[in-house]
Amino acid sequence: MSAQRLQTEAAFEDETFSDLNLQAADLRGKEFYRCTFSNCTLQESHWGRARLEACVFTGCDLTRAKFADTSLREVRFEGSKLMGIDWTDVGTFPEVTFEGSNLRYCTFAGLSLRKTSFLNCTALEMNFIDTDLSESDFSGSDISGSNFRGCTLTKTDFGGAQGVFIDPTRNRVKATRIPVDAAVNYAQTLGLVVAGHGDARPAAKTARKKGG
């Protein structure tokens with residue numbers, strides 16, 4: 001599939017796009033069904049009002065791509081760069097999976113991302129604001145510096161993630177799974193000392209004074 005066809009035609013089915021330079025490409029309003037994008041440069045590309053269903057992006061660079069009012073159904077991003085994307089205006093109820101991808105500096109606000117997988121991703125300094133992440137899975141991902149505010153985290157699995165800091169006073173938590181170190185860190189921010197985790201105890205007296 002050539003870059004020219006991609007930009008001139010409106011709909012594609014069962015197509016593979018490989019090794020194309022599509023930086024800042026205008027893909028607005030196009031439809032893709034069961035398509036694969038492999039090792040494509042898609043930095044700052046525009047996907048407004050596009051429709052993607054059962055599509056896969058593998059090894060692609062979508063840094064700062066724009067997904068305004070884009071319909072995403074069963075879309076997978078594997079081993080791709082998605083840095084700096086603001087997903088806030090994406091179409092309603094996006095169905096996406098992120099695996100082994102770089103999501104640094106991404107923002108998700110006001111979205112429903114129930115049961116979304118963020119697996120083995122670099123997800124540093126992301127912003128999740130008023131987002132429903134119920135039953136989502138962050139296993140193997142590093143989310144250091146990421147901000148969760150006003151989110152629904154019912155049964156969300158952070159148990160296998162790194163850099164987890166979840167403030168239950170700023171989010172709705174229920175059966176939310178977090179690693180032990182995250183629980184300890186939060187307790188310490190409240191001024192608590194968790195036994196066995198860096199607590200300092202006075203040395204015990206080993207013996208009484210002779211004749212005492």
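## Legends to close-up views of a predicted model

Of the 212 residues of the protein, 40% count as buried. The model shown in every view is predicted.

**Figure 1. Overview of the protein and its secondary structure.** The protein contains two helices and 15 strands. Along the principal axes, its C-alpha atoms fill a box of roughly 100 × 30 × 25 Å. The radius of gyration is 22 Å, whereas a compact globule of 212 residues would have one near 17 Å. Among contacts in the protein with a separation of 6 or more, 2% are accounted for by residues 24 or more positions apart.

**Figure 2. Confidence of the prediction and the stretch 202-212.** The average pLDDT of the protein is 91, and 92% of the residues score at least 70. Over residues 202-212, pLDDT stays under 50. For this stretch the model has zero contacts beyond four places in sequence.

**Figure 3. The open sheet of strands β10, β12 and β13.** Three strands form this open sheet, in the order β10-β12-β13, and their pairing is parallel. Strands β10 (107-109) and β13 (147-149) stand at the edges and have a single partner strand each, so one side of each is left without a neighbour in the sheet. Neighbouring strands of this sheet are turned by 5 degrees against each other on average, direction ignored. Strands of a sheet pair through backbone hydrogen bonds, either parallel or antiparallel. Strand β12 (residues 127-129) is joined to β13 by three bridges. Within this pair, Ile-129 has Arg-149 of β13 as its bridge partner.

**Figure 4. Strand β8 and its two partners, β6 and β9.** Strand β6 (residues 56-58) pairs with β8 in the parallel sense over three bridges. The bridge partner of Phe-57 is Phe-77 in β8. Strand β9 (residues 96-99) also runs parallel to β8, and four bridges join the two. Here Glu-78 stands opposite Glu-99 in β9.

**Figure 5. The two faces of strand β8.** In a regular strand the side chains alternate between the two faces of the sheet. In strand β8 (residues 75-78), Val-75 and Phe-77 make up the covered face. The uncovered face consists of Arg-76 and Glu-78.

**Figure 6. The surroundings of Gln-43.** Gln-43 lies in the loop between β4 (36-38) and β5 (51-53). Neighbours within four places in sequence left aside, Gln-43 is in contact with Leu-22, Gln-23 and Ala-24, and also with Asp-61, Leu-62 and Thr-63. From C-alpha to C-alpha, Gln-43 and Val-56 are 16 Å apart in space, and they are 13 residues apart in sequence.

Figure 7. A disulfide is a covalent bond between the sulfur atoms of two cysteines. The cut-off applied here is a pair of cysteine sulfur atoms within 2.5 Å. By this rule the count is zero disulfides. Cys-40 is in no disulfide, and its nearest cysteine sulfur, that of Cys-60, is 4.7 Å away. With a relative accessible area of 1%, Cys-40 is buried. Cys-106 is likewise in no disulfide; the nearest cysteine sulfur is that of Cys-121, at 9.7 Å. Cys-106 has a relative accessible area of 0% and is buried.

Definitions and conventions:
Residues numbered from 1 in each chain as written. Predicted model: local features only at pLDDT ≥ 70, side-chain atom pairs only at ≥ 80, totals over all residues. Heavy atoms only, no water. Pairing = 2+ DSSP bridges. Axes fitted to C-alpha atoms, helices over the stretch in contact; angles between N-to-C directions. Buried < 20%, exposed > 50% of the residue type's maximum accessible area, 1.4 Å probe, protein only. pLDDT = per-residue confidence, 0-100. Contact = heavy atoms within 4.5 Å. Rg over C-alpha atoms; globule rule 2.2 N^0.38 Å.
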